[in-house]
Amino acid sequence: MSSTVTGDTGGRTTVQLSSAVVRFAGDSGDGMQLAGDQFTSQSALAGNDLATLPDFPAEIRAPAGTLAGVSSFQLHFSDQDIHTPGDAPDVLVAMNPAALMKHLAALKSGGTVILNTDAFTKRNLQKAGYEEDPREDGTLTDYQTHEVDLTTLTVRALEEQIEQGELNKKEAERCKNMLALGLVSWMFSRPVEETVAWLEQKFAKRPELARANISALRAGWNYGETTEAFVFHYEVKEARLAPGRYRNITGNQALSYGLVAASVRSKLPLFYGSYPITPASDILHELSQLKRFGIATFQAEDEIAAIGSVIGAAFGGSLGVTASSGPGIALKAEAMGLAVMTELPMIIVNVQRGGPSTGLPTKTEQSDLFQALYARNGEAPLPVVAAASPADCFDAAIEAARIALTYRTPVVLLSDGYLANSAEPWRLPDVDGLPDLSQAFSFATDADIKDGEFLPYLRDPQTLARPWALPGTPGLEHRVGGIEKEAGTGHISYEPENHHRMTMLRHERMTRIADDLAATQVDDPSGEADVLVLGWGSTQGPIRAACHELREQGRKVAQVHIRHINPLPKDLTDIIRSYRRVVLPENNTGQLAMLLRARTLVDIQPYNRISGQPFAAGELADAIETLGWGEPS
Amino acid sequence: MTSNENQLTKKDFTSDREVRWCPGCGDYAILATVQTLLPKLGARPESTVFVSGIGCSSRFPYYMDTYGFHSIHGRAPALATGLAITRPDLDVWVITGDGDGLSIGGNHLIHALRRNVNIKILLFNNEIYGLTKGQYSPTSPLGSVKKSTPMGSIDRPMNPVSLALGAEATFVARSIDTDRQHLSEVLEAAYQHDGAAFVEIYQNCNVFNDGAFIALKDPEQRDHNQIRLVDGEPIIFGPEGEHAVVARGDGSMKIVSTEKAGDRVVVHDPSKDEPTTAFALARLAHNPVGPTPIGIFRDVRRPVYDRLLREQVEQAEAGQGDGALEELLASGNVWDVVS
């Protein structure tokens with residue numbers, strides 16, 4: 001939080017900051033995600049660039065006051081272009097001892113702690129594992145600590161409503177997240193009017209709750225304003241973002257919108273079949289709200305039925321999409337093979353989470369790369385596209401649809417828990433400038449009948465796509481299925497040569513896709529870098545931030561972020577071979593590194609963390625420095 | 001159902017593929033009945049889709065000159081659901097068997113039925129795994145000595161009709177592969193039914209389980225054992241109509257002499273919304289080795305899933321207007337950055 005003191009208002013010093021990281025932490029029931037979301041909206045409206053990191057337990061309500069129940073939301077906002085939710089918070093709001101216990105270590109030395117002292121009871125301290133009260137034993141000496149009786153203040157602010165019987169005490173206490181938000185809003189010189197409007201809308205049917213939350217919010221703001229405890233307050237000016245219209249968007253939302261856009265731009269109805277699973281369910285929720293776009297959403301009885309229904313819909317001429325996370329994708333594997341065999345266009349989204357098995361349902365990981373590429377029986381290649389940032393999920397979804405429709409193939413679209421739930425400002429695209437996917441395909445007609453016969457496995461010589469012949473079209477009646485197809489006719493075939501040929505054709509299609517990919521973008525401002533940092537997926541932000549840091553220190557480093565995992569861009573091998581050292585950080589044990597080593601025979605240096613959390617930029621910069629310039633291992 | 005000026009024939013529904021079931025398999029009879037029936041019903045080959053899973057029965061789509069999808073083990077109802085939801089203009093049939101539909105795909109079957117998706121499910125029950133060469137199936141009688149059960153099977157078989165009724169299917173029927181007349185009538189009723197239809201067809205596997213349905217098929221025995229359910233008729237059977245079905249006090253059914261039954265004979269009514277009576281009829285025979293009901297157990301009208309789904313889409317379009325992409329992208333808080 002590099003700062004300049006610029007003013008003195010009403011006995012307070014306003015400190016200008018370039019950026020700040022704020023973390024709200026409390027019990028799952030304390031409304032931390034909501035407070036964080038609203039603070040994010042305020043920051044966006046203030047024109048900051050921002051990135052968020054919600055982090056919540058898999059349990060809906062773990063026992064109150066325990067470490068397991070702590071939910072947090074971190075926001076990094078800046079007057080600069082930023083790429084990550086920030087490594088260490090400058091400000092920590094801890095609603096109870098467990099939140100303090102869990103998050104204090106992350107706080108910057110000298111950072112600000114706001115404690116809800118009301119929650120620091122003997123029992124809560126015990127539950128959090130404190131033997132001594134951290135407020136008294138020196139634990140907090142390195143920090144600027146504000147002990148605020150948030151619960152008491154909240155109840156006091158709502159006394160009138162309680163007396164009039166509009167609220168009971170418990171309901172009043174529940175508004176304490178808004179009081180905390182009001183206080184933090186004051187700290188960062190943020191007007192709360194947008195949040196007020198949002199609360200009015202959210203509680204339109206319960207006006208007494210709207211009033212209560214708004215009163216608590218304002219009480220928090222006024223507390224900051226009138227209490228002398230807060231000597232400083234801060235201001236982060238707007239960032240110089242590229243001109244355009246912006247909004248905040250999470251990855252799951254952007255991915256959903258990308259699917260809608262693909263449907264609109266292909267003029268194909270969207271069919272979305274899915275089974276609830278964290279962290280992919282939001283896509284189902286989002287799309288089920290968007291039926292006005294002609295979207296059919298289907299909550300299937302299980303993961304297999306979800307993809308089964310999508311295959312059926314694709315056979316019928318819909319843009320079929322299913323989404324899940326690793327465990328669900330494992331269940332879909334056999335059906336994905338069927339989709340490869342029947343060469344029908346569809347998108348299979350994997351919002352990756354920590355594994356194996358149930359793993360870490362609410363945490364992020366990149367460990368399903370091999371699953372996406374290989375976890376099917378037989379040789380079943382399919383394209384794999386990876387989204388790199390929350391907003392990029394929009395473009396990645398459209399790209400997945402383009403490949404699926406052009407080449408008549410199932411496509412895996414990889415996102416992850418971090419992208420899914422994190423938000424960033426998104427510059428709205430010009431809708432007319434989005435790819436015209438209606439040109440990517442046409443349905444077969446009776447013109448495809450040659451010599452009185454329709455050949456469902458006769459391919460386009462360039463894309464190798466087979467005809468998409470919809471039921472309902474007279475004369476094109478044909479049968480598809482999972483048994484090997486005879487080239488051309490599509491009849492069942494056990495011929496040895498035919499199977500070899502079809503297997504190679506299915507692989508050749510990947511090559512044809514690669515032929516059409518744009519040249520790989522290499523980010524090397526110096527033009528002299530001899531160390532390359534590779535990445536894919538959600539590590540883009542941390543890697544970019546780490547490279548920025550290294551360049552500030554005078555290191556010449558290039559960055560390439562890979563969107564197409566399969567097929568890989570054709571120029572990638574030459575690019576990789578042209579650097580002295582290549583570093584590849586991943587939130588897995590080195591899956592893409594292993595693949596690229598095999599493909600390029602270059603001794604790529606992996607850097608791996610599998611903690612359920614995205615990389616911290618600082619940690620990554622150190623690792624790249626060591627692997628890029630240190631002694632070879 | 002399509003009006004039909006040019007009368008189609010069995011030939012129009014017969015593909016050029018060589019049929020590869022074992023000689024004497026009951027599947028041949030069912031195939032011929034379906035190929036003959038569809039043109040009579042006014043079905044069009046281009047608007048007809050057969051979706052199947054894995055197993056002997058699931059080769060069925062290859063022999064129909066319609067659209068077809070030979071999918072993976074147990075999943076046909078799931079594929080058919082996606083197709084039927086998005087393409088209400090099509091006639092979607094599912095061909096499955098006792099292993100495919102009741103074991104590996106049991107979940108999809110019950111959910112397709114409870115949703116009342118507009119698909120017609122034909123379950124060929126031969127009480128055996130044929131394609132994998134003779135293991136016992138979920139409908140094989142207790143104690144079946146088969147390849148995987150040399151000392152006899154120890155798990156109780158499933159009654160497909162009971163299961164379908166338990167899932168509250170809106171149309172549930174049972175017929176026999178070689179009884180072309182009865183099978184045609186049942187399939188026609190299934191075709192005309194608005195919503196999901198489930199038809200169990202007793203199908204003889206002459207290689208691995210020959211004679212499983214002899215009690216219902218053998219000319220000497222069948223009149224004694226076929227309890228033919230006919231809408232509006234008292235349920236009596238036997239060469240002379242000497243047996244009758246009556247209800248016990250607890251709601252279950254039993255067989256007594258027609259004479260003794262008097263006016264207590266149950267009159268069949270498949271249109272009852274409450275499935276309890278149909279279920280009690282289904283429990284009369286657990287395996288078809290003695291008197292066994294065949295015919296339509298249940299045929300009721302309920303809202304059809306795919307229509308309800310489309311109505312919601314139309315309602316959303318009417319209420320909120322056709323989706324405008326620009327508006328969607330700019331929903332929520334937006335702000336402008338000027339250079």
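The model shown is predicted.

**View 1. Two domains of chain B.**

**View 2. Contact between domain 1 and domain 2 of chain B.** On the domain 1 side, 9 residues take part; on the domain 2 side, 8 residues do. Helix H5 (residues 160-166) of chain B gives the most to the domain 1 side, with 3 residues. By class, that side of domain 1 of chain B has 6 nonpolar residues, 2 polar and 1 charged.

**View 3. Open sheet of chain A.** The sheet holds 6 strands, in the order S4-S5-S3-S6-S7-S8. Pairing is mixed. Strands S4 (49-55) and S8 (144-148) of chain A stand at the edges. Each has a single partner strand, so one side of each is left without a neighbour in the sheet. From one strand to the next, the twist averages 10 degrees.

**View 4. Strands S3 and S5 of chain A.** Strands of a sheet pair through backbone hydrogen bonds, either parallel or antiparallel. Strand S3 (residues 19-27) and strand S5 (residues 70-78) of chain A run antiparallel. They are joined by 9 bridges. In the sheet order, S3 stands between S5 and S6.

View 5. A:Ser19 stands opposite A:Ser78. A:Ser78 belongs to S5 of chain A.

Key
Residues numbered from 1 in each chain as written. Chains lettered and ligands numbered in written order. Predicted model: local features only at pLDDT ≥ 70, side-chain atom pairs only at ≥ 80, totals over all residues. Pairing = 2+ DSSP bridges. Helix = DSSP H or I, 4+ residues; strand = E, 2+ residues; numbered from the N terminus. Axes fitted to C-alpha atoms, helices over the stretch in contact; angles between N-to-C directions. Contact = placed C-beta atoms within 7 Å. Nonpolar A, V, L, I, M, F, W, Y, C, P; charged D, E, K, R; others polar.
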